[in-house]
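Dear colleague,

I am handing over the structure below, and I would be glad if you could look through it alongside these notes.

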Amino acid sequence: GDVLSTKPYVSGAAYINKMSDFCEECKFDPRTNCPITNLFWAFLARHQKSLQKNSRLRMIYATLRKRSDSKRRHDTDVFRVMRETLNAGDVLTPDKLPLMKEGES
């Protein structure tokens with residue numbers, strides 16, 4: 001719609017946990033297995049072409065560029081599994097999410 005904003009408002013699990021009470025009853029732990037942080041990085045990567053020119057996102061995109069290829073692949077895998085699970089009308093649980101492969105970081 002017609003919205004004026006200078007910074008897309010997306011965040012990782014740590015910020016949501018700190019600034020809200022959403023994590024208290026959740027099956028996911030924001031420090032270990034919450035998919036929100038992976039979704040955050042996957043969103044930024046998918047929309048990099050249109051968002052990276054925003055000066056208020058410069059620091060976030062600098063951090064994204066430093067993110068390892070294996071972490072970026074994992075972010076994409078988490079996004080794909082979460083989208084497929086929710087589109088199918090299923091409940092997302094920690095055991096349905098892909099794990100980082102051993103030795104990757």
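The notes that follow cover helix packing, salt bridges and one further residue.

This is a predicted model, in which local features need pLDDT of at least 70 and side-chain atom pairs count only at pLDDT 80 or more, while totals for chains, interfaces and linings use all residues. Residues are numbered from 1 along each chain as its sequence is written, and side-chain values use heavy atoms, with hydrogens and water left out.

The axes of helix H2 (residues 36–46) and H5 come within 8 Å and cross at roughly 100 degrees, which makes H2 roughly perpendicular to H5 (65 to 115 degrees counts as such; axes are lines fitted to C-alpha atoms over the stretch in contact, with angles from 0 to 180 degrees between N-to-C directions; helices are DSSP runs of H or I, at least four residues, numbered from the N terminus).

There are four salt bridges in the structure (a side-chain nitrogen of Lys or Arg within 4 Å of a carboxyl oxygen of Asp or Glu). In helix H5, Arg80 pairs with Glu84 at 3.7 Å, N to O, the two being four residues apart, about one turn of the helix. Arg80 also pairs with Asp77 at 4.0 Å, N to O.

Thr85, in helix H5 (residues 69–87), is buried at a relative accessible area of 10% (buried is under 20%, with a 1.4 Å probe and protein chains only). Leaving aside neighbours within four places in sequence, Thr85 is in contact (heavy atoms within 4.5 Å) with Asp90, Val91, Leu92 and Lys96.

Terms used: Buried < 20%, exposed > 50% of the residue type's maximum accessible area, 1.4 Å probe, protein only. Parallel < 35°, antiparallel > 145°, perpendicular 65-115°, else oblique.
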